[in-house]
Amino acid sequence: MVYTVTFNPAVDYTVTLERLCAGGVNRCATEDMTFGGKGINVSAVLRELGTPTIALGFCAGFTGKAIRDGLEASGVHTDFVELAAGNSRINVKIKTDTETEINGRGPDISTSELQRFFEKLSQLQNGDFIVLAGSVPSSIPRDIYRQILERLSEKNVLCAVDAEGELLTDTLAFAPFVIKPNKAELEQIFGKSLDTREQIAECAQKLQSKGARNVLVSMAQDGSLLLDENGKVHTIGVCKGEVVSSVGAGDSMLAGFISGYLQTHDHDYALRLATACGGAAAFSCGTPKKELIDKLFSQL
């Protein structure tokens, strides 16, 4: 089973406009409502690929109920902690000639509610996978990912981490199975510009030397680089198609890598499926469908 963690899930309300007039009344041409958060996005793609998954995290209020009910109706099983106060956030995404996002803050999580989440981690068994993705609310400890892995350290649970800065680097001591920084996040970690694949591979090797088994780096239009646990560097380009939205493409890529590896234990296959999933997400509105993923996979 693949468990994903989303501390601050959201209702994503996406609208398209011909143009955005600040200070005036704007009427949208199209609108769409989905349920998001990086871990949830990973679970949605895993479900599409036929990989069993459960979404863990927190929900609150009427928006939290909508998120939980909507995910269950779509086939994504959830095991959220329901918070006593507040409402799960609503994120507004405005598409004109550019993309503008207004992200809600979300509810506070108390110490007792966090403890209830820790208790849910006890259901993980040897051989399960856990995905830690995205930022964390200000109401919980900044080292929460490290705390989770510390609690799971006595079990043979594989871990994927997709986070920025210390959230990611603090997990390296627990040998995560895969980490997925993008190029900008890798530059942030090392405090310098990375202009070549050789430089990116060198930084990936440094993260591997600190504990990460596999390092998957997404490089936007330049494709992706994977340093696998055997020390081999794999590179791949991007899929061909018209970009509709970049939202969720990295999450889809991580889901594809996990699903591909669990299916075959082949790093090259996992990277190809990851690339197809990322491309399908970029070329779609909402969760990419398996038909498109399969089509793009056949092109790689």
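I started with valine 5, which stands opposite leucine 132 in S8. Its strand, S1 (residues 2-6), pairs with S8 in the parallel sense over 4 bridges. For my own reference, two strands pair if DSSP finds at least two bridges between them, and helices (H or I, at least four residues) and strands (E, at least two) are DSSP runs, numbered from the N terminus.

Before going on, I noted that this is a predicted model, where local features need pLDDT of at least 70, side-chain atom pairs count only at pLDDT 80 or more, and totals for chains, interfaces and linings use all residues. Residues are numbered from 1 along each chain as its sequence is written, and side-chain values use heavy atoms, with hydrogens and water left out.

Next I checked the other neighbour of S8: 5 bridges join S8 to strand S9 (residues 158-162), and the two run parallel. There, alanine 133 stands opposite aspartate 162 in S9.

Is S8 buried or exposed? I found 5 of the 5 residues of S8 (residues 129-133) buried, so the strand is largely enclosed by the rest of the structure. Buried means under 20% relative accessible area, exposed over 50%, and partly exposed in between (1.4 Å probe, protein chains only). Phe129, Val131 and Ala133 point one way, while Ile130 and Leu132 point the other way.

Then I zoomed out to the sheet. It is open, with 9 strands in the order S5-S4-S1-S8-S9-S10-S11-S12-S13, and the pairing is mixed. S5 (77-82) and S13 (233-236) stand at the edges with a single partner strand each, so one side of each has no neighbour in the sheet.

On to the helices, H3 (residues 111-120) and H4 (residues 144-152). I got axes that come within 11 Å and cross at roughly 40°. That makes H3 oblique to H4. Axes are lines fitted to C-alpha atoms, for helices over the stretch in contact, and angles run from 0 to 180 degrees between N-to-C directions. Under 35 degrees counts as roughly parallel, over 145 as roughly antiparallel, 65 to 115 as roughly perpendicular and the rest as oblique. Leu114, Gln115, Phe117 and Phe118 in H3 meet Ile144, Gln147, Ile148 and Arg151 in H4; contact means heavy atoms within 4.5 Å.

Last stop was serine 252, in helix H8 (residues 249-264). Serine 252 is buried, with a relative accessible area of 3%. Not counting residues up to four places away in sequence, serine 252 touches Val45, Cys277, Gly278, Ala281 and Pro288.
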